[in-house]
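Please look over the sequence and the model shown here before reading on.

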Amino acid sequence: MSYLFIVNPVAGKGNGSKIIPIIKEVMDTYKCTYEIKITEKIGDAKLFAEEAKTKNFSIIVSVGGDGTLHEVVNGMVGGLQKLGVIPAGTGNDFARTLNISFNLREALEILAKKKSIPVDIGRLNGKHFVNFCSIGLDALIAQEANKIKKYFSSTYSYVIGVIKALGKFKSLKVDLIIDGIKYNEEIMLIAVCNGAYYGGGMKIAPNAEVFDGQFDICVVRKMSKLKLLFLFPTIFKGEHVKYKEVKMYRGKDVQIFSAENMNVNADGEIIDNRPIKFEAVNKKIEVIVP
Ligand SMILES: Nc1ncnc2c1ncn2[C@@H]1O[C@H](COP(=O)(O)OP(=O)(O)OP(=O)(O)O)[C@@H](O)[C@H]1O
């Protein structure tokens, strides 16, 4: 049983590189065989995970944040290896959903114990995502937050992103089709969630389960920007669902059409993608969990 650690050294403002001696120490203690590969640029994590599919590794470990994990999963999907998640990024929302400890030594010990469960992932026009995808105000917030998140905490970057994006954003008219049922909506944002958290700990889909084969879909309908400012802090505890403008749906196939331009925020990375068609893929990846 051999581990491949794919380490993003710049994740979490440099957390990724600090963890390497701890990986060696814990893996040696548990007498595990392992290899460490360090990413140098965007795309490396996906490439390393893809290459590992034909090699003798049984567990591929993403050491970084949700962006690194997104790449690793896209590289390893279709292979036989299990996935390990070491939360060394700024947000680490998927690790939060899976209850993986943010204490790196504890997270490594979880890996060494090798207990695993099958989890769902999402597919967007042939590519995959682990945690969520969103459109609307949310994608604009991520764009703004990404510009500054190297310098500030993820929550602070997110809040600044909200304020900047609110200044620019106009609501979007969309056709939302969930499992064949069409809803005409005018929205501020739609989040299609596999996991419960996004944005560094915001509980956007409080009842989401990663093994039910379905997405939890959060639709925030058109509202005044002032009201939205009051709504945002309530997402941290999942209390936004009490607002009448917030509607939660559940479904396996989700399509979104709009005459207007839509960017998609996929696990925190912005992609321009049309048509937008999400598909929940049930129990696609075996993940090491506590
Ligand atoms: N050596 C590198 N130099 C610069 N960027 C890199 C390097 N290796 C990987 N990357 C890119 O860094 C980006 C950010 O990584 P990641 O999302 O894992 O960390 P984070 O932003 O700190 O965490 P989170 O997404 O949980 O907030 C990813 O898009 C990844 O492709």
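Which element gives the most to the lining of the second largest pocket? Helix α7 does, with three residues, where helices (H or I, at least four residues) and strands (E, at least two) are DSSP runs numbered from the N terminus. Before going further, note that this is a predicted model, in which local features need pLDDT of at least 70 and side-chain atom pairs count only at pLDDT 80 or more, while totals for chains, interfaces and linings use all residues. Residues are numbered from 1 along each chain as its sequence is written, and side-chain values use heavy atoms, with hydrogens and water left out.

The second largest pocket holds about 220 Å³ of space, and its lining is made of 14 residues, with Gly136, Phe169, Leu172, Asn261 and Asn263 lying nearest the centre. A pocket, on a 1 Å grid over the protein atoms alone, is an open set of points where a 1.4 Å probe fits, with protein on both sides within 12 Å along at least five of seven lines, whereas a cavity is a set from which that probe cannot get out; lining residues have an atom within 4 Å of a point. Volumes are the space filled by probe spheres set on the points, which are joined across faces, edges and corners. Both β7 (132-136) and α7 (137-148) supply at least two lining residues to this pocket. By class the lining has six nonpolar, five polar and three charged residues, with Ala, Val, Leu, Ile, Met, Phe, Trp, Tyr, Cys and Pro counted as nonpolar, Asp, Glu, Lys and Arg as charged, and the others, Gly among them, as polar.

Turning to the ligand, 21 residues surround it, the closest being Gly12, Thr39, Thr68, Glu71 and Thr90, where a residue counts if one of its heavy atoms lies within 4 Å. Helix α4 (residues 66-76) gives the most to this shell, with four residues, and the shell divides into four nonpolar, eleven polar and six charged residues. An N or O atom in the side chain of Thr68 is 2.4 Å from an oxygen atom of the ligand, and a polar side-chain atom of Glu269 lies 3.4 Å from a ligand oxygen atom. From Glu40, a backbone N or O atom lies 3.1 Å from a nitrogen atom of the ligand.

The C-alpha trace spans about 55 × 40 × 30 Å along its principal axes.

Finally, a search of the whole structure finds one cavity of 30 Å³ or more. The largest cavity contains about 40 Å³ of space, and its lining includes Asp66, Leu69, Val85 and Phe94. The largest share of that lining, three residues, comes from β4, while β3 (59-64), α4, β4 (82-87) and α5 (93-97) each supply at least two residues.

How values were computed:
Polar contact = N/O pair within 3.5 Å; in protein donor to acceptor, adjacent residues only side chain to side chain.
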